[in-house]
Amino acid sequence: MPRFLVPLIVLAVTACEQDPATRCAGPQTRELRTVETLIADSRSALDRGYRMERAESGARVNFCLGGARSNVGLSYCTDPGAARRAVAIDTEAEKRKLASLEARRDTLMARIDACGRE
């Protein structure tokens, strides 16, 4: 048997050994984490009244210590120079977005619970 097949067979057997609830809930759990992060960001923006966004400030040239292969010497390097700036939000639109995300979270939680009962 070729050596490259051994890891593939091990992966296939491992995937088959997972219980159905784990296979079912995995994608929903990942999406739930993303939705919860977005909910926290939205709540934070509503509390502050603005959102912090990344603004590209153009490339800069700096002197850097070290290089790609060593940690010794001086060289020029580029720095994209990203800055953050406050941007006003439409509070009504943000509230609608938050309500939509909370509804999506509830749906995902119900699906994850259903996976556990199967």
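Trainee: What does the accessible surface of the chain come to, and how much belongs to carbon and sulfur atoms?
Mentor: The accessible surface is about 9,000 Å², and carbon and sulfur atoms hold 57% of that. Accessible areas come from the Shrake-Rupley method with a 1.4 Å probe, and for residues only the protein chains shown count as cover. This is a predicted model, where local features need pLDDT of at least 70, side-chain atom pairs count only at pLDDT 80 or more, and totals for chains, interfaces and linings use all residues. Residues are numbered from 1 along each chain as its sequence is written, and side-chain values use heavy atoms, with hydrogens and water left out.

Trainee: How much of the chain is buried?
Mentor: Of the 118 residues in the chain, 17% are buried. Buried means under 20% relative accessible area, exposed means over 50%, and partly exposed is in between (1.4 Å probe, protein chains only).

Trainee: What pattern does the chain follow?
Mentor: Along the sequence the pattern is α-α-β-β-β-β-α, with three helices and four strands in the chain. Helices (H or I, at least four residues) and strands (E, at least two) are DSSP runs, numbered from the N terminus.

Trainee: What share of the contacts comes from residues 24 or more positions apart?
Mentor: Such residues account for 66% of the contacts in the chain with a separation of 6 or more. Contact here means heavy atoms within 4.5 Å.

Trainee: On to the helices. How far does α3 reach?
Mentor: Helix α3 covers residues 91-117, which is 27 residues, and reaches 39 Å from first C-alpha to last. That is close to the 39 Å expected at 1.5 Å a residue. The expected span is 1.5 Å times one less than the number of residues in the helix.

Trainee: Which residues of α3 are buried?
Mentor: In α3 the buried ones are Glu94, Leu98, Leu101, Arg105, Leu108, Ile112 and Cys115.

Trainee: Which residues make up the largest nonpolar core?
Mentor: The largest nonpolar core has nine residues: Ala25, Leu32, Val35, Ile39, Leu98, Leu101, Leu108, Ile112 and Cys115. Both α2 and α3 give two or more residues to this core, and the largest share, five residues, comes from α3. A nonpolar core is a set of buried Ala, Val, Leu, Ile, Met, Phe, Trp, Tyr and Cys residues joined through side-chain atoms within 4.5 Å.

Trainee: What is Leu101 in contact with?
Mentor: Leaving aside neighbours within four places in sequence, Leu101 is in contact with Val35, Leu38 and Ile39.

Trainee: And Gln28, is that buried or exposed?
Mentor: Gln28 counts as buried because its relative accessibility is 17%. Gln28 lies in helix α2, residues 20-48. Beyond its neighbours within four places in sequence, Gln28 is in contact with Leu108, Arg111 and Ile112.

Trainee: How about Pro27, where does that lie?
Mentor: Pro27 lies in helix α2 as well. Pro27 is partly exposed, with a relative accessible area of 43%. Pro27 and Ile112 are 85 residues apart in sequence but 9.4 Å apart in space, C-alpha to C-alpha.

Trainee: What about Thr91 and Leu46, how far apart are they in space?
Mentor: They are 6.5 Å apart, C-alpha to C-alpha, and 45 residues apart in sequence. Thr91 lies in helix α3 and is partly exposed at a relative accessible area of 35%.

Trainee: Switching to charges. How many salt bridges are there?
Mentor: A search of the whole structure finds six. A salt bridge is a side-chain nitrogen of Lys or Arg within 4 Å of a carboxyl oxygen of Asp or Glu.

Trainee: Which residue does Glu31 meet in a salt bridge?
Mentor: Glu31 meets Arg104, at 2.7 Å, N to O. Glu31 is in helix α2 and Arg104 in helix α3, so the pair ties together parts that are 73 residues apart in sequence. Glu31 is partly exposed at 32%, and Arg104 is partly exposed at 28%.

Trainee: And which residue pairs with Glu92?
Mentor: Glu92 forms a salt bridge with Lys95, the closest N and O atoms being 3.9 Å apart. Glu92 and Lys95 are three residues apart in helix α3, so about one helical turn separates them.

Trainee: Which residues are linked in a network?
Mentor: Arg51, Glu94 and Lys97 are linked in a network of salt bridges.
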